[in-house]
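Thanks for sending this one over. Here are my notes, in numbered points, for you to read alongside the coordinates.

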Amino acid sequence: MQIPSELKYTKDHEWVKIDGEVATVGVTDFAQKELGDVVYVEIETEGERLDAEEVFGTIEAVKTVSDLFMPLSGEILEFNTELESDPQLVNTDPYEKGWMVKIKVTDSSGLSDLLSAEDYQAHIGA
Amino acid sequence: MKQTALYNKHLELNAKMVDFAGYQMPLQYSGLTPEHHNVRKALGLFDVSHMGEFILEGEHALALIQKLTSNDASKLFDGKVQYSTLTNTKGGIIDDLLVYRFNATKYMLVVNASNIEKDLSWITAQNDLGVTIKDVSNQTSLLALQGPKAVELMSSIAGFNTAEMPYYTFKEIELQGHSIILSVTGYTGAGGFEIYCANDAAPVLWELLLSKGERFNILPCGLAARDTLRLEMGFCLYGNDIDDTTSPIEAGLGWITKFTKDFTARTIIEQHKTDGVSKKLIGFELEDRGIPRKGYDLVDADGSVIGRVTSGTMSPSLSKAIGMGYVDTQVLKEKQDFYVQIRNKRIKCKGVKFPFYKADV
């Protein structure tokens, strides 16, 4: 189970990489294992401003469907179009090529609510 | 939570375990997709020991089975298996099950794990015929060896040509010193066997099948693949596609419902057949991106609800989203367009006759 120490996490099993005022978001290794084979990722909120914890998309795996939640309040700048043709990148490379959206963070106060790698590890009981 | 006799084997194989019908069962090992394809193309081995087994013995065993099940068990002969349903007094389905005939006075019923207690209390309460009913579920393990290579593997270890056994028949044989029931059944549509054995024999036979099956690239397979495989065949899953409120006629199980004899709620169900039913279980595929899931609404062009999805998945063999669900009979009769409501989207469905997946023959 990979949980890179340089990333931040949510209890909904998303990871967040902060780069200035832009946050890149994806789902964790734990999440992709729980979901199983991803069939597609649907994100139709590009350009929208959403609050933390609002749904910005969904992941459909063979067995199940799961909502994607905003880890922080912000504007969806772009989504990973490579997932359109190769959704399994979420399974094979969840922290790099499997990223989902880039968000322009509008309220950085939410950053303190994110979990460290250590806290996330404790959260999933790994 | 109960464990099957193969629990430790699953852990050794790093299976992802889930709670299912009171048991800790393997959901998947290497992954749903490889396991699914392996069963269609070669061979897979499943632990389905959670299933329930009842032995019915006595002079009137057949009479009791006839009274409680929808299919005509008098057609059974020694070594023959039959798919059937237990019906309730309202014409719904208590369970779907297999009926095995050992001889004229000994039968076995194989029922769904989630229904063991319900079935047993119903059958016991209805037993005014002095039949001995023994629940052997906890002592019995069940392995399913499924796939086109199953016959070759089984023949090599059973010491006879198992290809000669017709579909839905069984034999009591010795396999490596263990007494087993070798049954030409399964719920995958890929062919193969189900093997009933005592719990202590299960780990030995599991290992044996996996090691002898290596040359056929056998994979241990979990409940996830079992579900996509059965769904591609349009086979009903109890609790999803059929339940206490669905009539066998609505569920498309008229073929295992015989009005040549009497059984629980026969009059009601016969009425369903002659008068027609208001909803029917159908298969459909999606014409656009989306995956139907249990509980999603099926709607007409105006968005009015005309049915409900009972099972759905992305079919690994067909690479299409497929589903089963009950649809208003009128909509079907008029061949109206219908859609599945997936969150804020309406995706057009196309009715498909079962099975979704047709094996190359």
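1. Chain A of this predicted model has four helices and nine strands. Following the sequence, the order of elements is β-β-β-α-β-β-β-β-β-α-α-β-α.

2. On overall dimensions, chain A has a radius of gyration of 13 Å, close to the 14 Å from the globule rule for 126 residues, so chain A is as compact as a globular protein of that length. Along the principal axes, its C-alpha atoms fill a box of roughly 35 × 35 × 20 Å.

3. Of its 126 residues, 51% are buried. Among contacts with a separation of 6 or more, 60% join residues 24 or more positions apart.

4. A residue worth a look is A:Asp29, which sits in helix α1 (residues 29-35) of chain A. Is A:Asp29 buried or exposed? Its relative accessible area is 7%, under the 20% cut-off, so A:Asp29 counts as buried. Leaving out residues up to four places away in sequence, A:Asp29 touches A:Met1, A:Gln2, A:Pro94 and A:Tyr95. As for A:Phe79, this residue is 50 residues from A:Asp29 in sequence, and the two C-alpha atoms are 19 Å apart.

5. Now to the partner chain. In the interface, 16 residues of chain B are in contact with 17 residues of chain A. The two chains bury about 1400 Å² between them, and carbon and sulfur atoms account for 43% of that area.

6. The rule finds seven salt bridges across the interface of chain B and chain A. One of the salt bridges joins A:Glu44 to B:Lys345, with the closest N and O atoms 2.7 Å apart.

7. Finally, the side of chain B that touches chain A. The elements of chain B that give two or more residues to this side are α2 (32-41), α7 (223-233) and β17 (305-315). Helix α7(B) gives the most, with three residues. By class, this side of chain B has six nonpolar, four polar and six charged residues.

Key. Residues numbered from 1 in each chain as written. Chains lettered and ligands numbered in written order. Predicted model: local features only at pLDDT ≥ 70, side-chain atom pairs only at ≥ 80, totals over all residues. Heavy atoms only, no water. Contact = heavy atoms within 4.5 Å. Buried area = accessible area lost by both parts, 1.4 Å probe. Salt bridge = Lys/Arg side-chain N within 4 Å of Asp/Glu carboxyl O. Nonpolar A, V, L, I, M, F, W, Y, C, P; charged D, E, K, R; others polar. Rg over C-alpha atoms; globule rule 2.2 N^0.38 Å. Buried < 20%, exposed > 50% of the residue type's maximum accessible area, 1.4 Å probe, protein only.
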